Amino acid sequence: MSFFGGGTTSTTTPAVADKDIEVPEPPADSISSLAFSSAADYLAVGSWDNNVRLYEVGQGGQTQGKAMYSHQGPVLSVCWNKEGNKVISGGADNAARMFDITTGQAQQVAQHEAPVKVVKWIETPQGGILGTGSWDKTVKYWDMRSPTPVATVQLPERCYTMDVQYPLMVVGTAERHIQIFNLTNPNTPYKTITSPLKWQTRVVSCFTNSTNSGFAVGSVEGRVAIQYVEDKDNANNFSFKCHRRDQTPSAKDQSLVYAVNDISFHPVHGTFSTCGSDGTIHFWDKDARTRLKTFDAAPGPISATAFNRNGTIFAYAVSYDWSKGHSGMTPGHPNKLMLHACKDEEVKRRPAKK
């Protein structure tokens, strides 16, 4: 463990959007993943510089770097355990690691044959387990006390994205496969579907606070689909365009199309955010089918987002998102970690349209 920068604290100076707060000492390379603790306003940040950083966010938005630990390759995903006192991360070193914030110790807790693209904590009635999705075309479940997985599930393709709202787990892979699991039977998909979107899946995110289970899918082609699990709810499925820009006012059929990089659901209201390669963030209400807020957050791509445990803070990363491959990683790309104080009117649900 190392504390970075001697605990520099941020000031609340205006930044790029609505006086959002810029966190000092961000990672040195692209930010891949953000996750808040369920116990306190601790933010875990995974980066392509091989490190996971932990920041403490104060009531006024001031931040302090608390700890840092390393992988042997880029970090692709971070999450927390249920108690919010352990961070788990997955990386291109084919491993998942766990960091205990009370002891400051990190240890390897999972192994794959290819990079670990996603880590998710799964809280079951029997206790917590770790789910890891990899480019080796498997999802593995781990009891943290054992070096071997509890179970391994073969996927049709490489895992690109995964989310969990027990008992629902959704896995998005290459070639637009989406596998839906009921975690009361975790070893067999409950359903396998092809993404309702025509282009590569970038992110899946499960609904929070919804009477009917479902998830949102975002693609590289500036589109999001709202998808319900059960056939009886099919009438509520829909998709919409976002993260697009008209090249000229008169050429609306020639819009520039950007990847949807992340989707985060609000923990209280069940509304959600999308962020994209175009540097914008939108807040949406899926039930009213309306956009709640838009802000041009940055001159560069927004690579990752996260709400804190009560939805009062929205963190987002301004980083190169690899949507243009290695050739797009040019010098001088912005790399910022930002905090936005959420106002009720931005995130509360609207009355459903009659």
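Mentor: Strands are DSSP runs of E with at least two residues, numbered from the N terminus, and two strands pair if DSSP finds at least two bridges between them. This is a predicted model, in which local features need pLDDT of at least 70, side-chain atom pairs count only at pLDDT 80 or more, and totals for chains, interfaces and linings use all residues. Residues are numbered from 1 along each chain as its sequence is written, and side-chain values use heavy atoms, with hydrogens and water left out.

Trainee: In β21, which residue is the bridge partner of A225?

Mentor: Strand β20 covers residues 223-228 and pairs with β21 in the antiparallel sense over 4 bridges. The partner of A225 in β21 is S239.

Trainee: Which strands stand at the edges of the open sheet?

Mentor: The open sheet has 4 strands in the order β18-β19-β20-β21, with antiparallel pairing. Two of them have a single partner strand each, so one side of each is left without a neighbour in the sheet; these are β18 (201-206) and β21 (238-241).

Trainee: Is H243 buried or exposed?

Mentor: H243 lies in the loop between β21 and β22 (244-246). Its phi is positive, about 50 degrees, although H243 is not a glycine. Buried means under 20% relative accessible area, exposed over 50%, and partly exposed in between (1.4 Å probe, protein chains only). At 2% relative accessibility, H243 is buried.

Trainee: What is the omega of the cis peptide bond that joins Y166 and P167?

Mentor: Most peptide bonds are trans. P167 is placed in the loop between β14 (159-165) and β15 (168-173). The bond joining Y166 and P167 is cis, with omega about 5 degrees.
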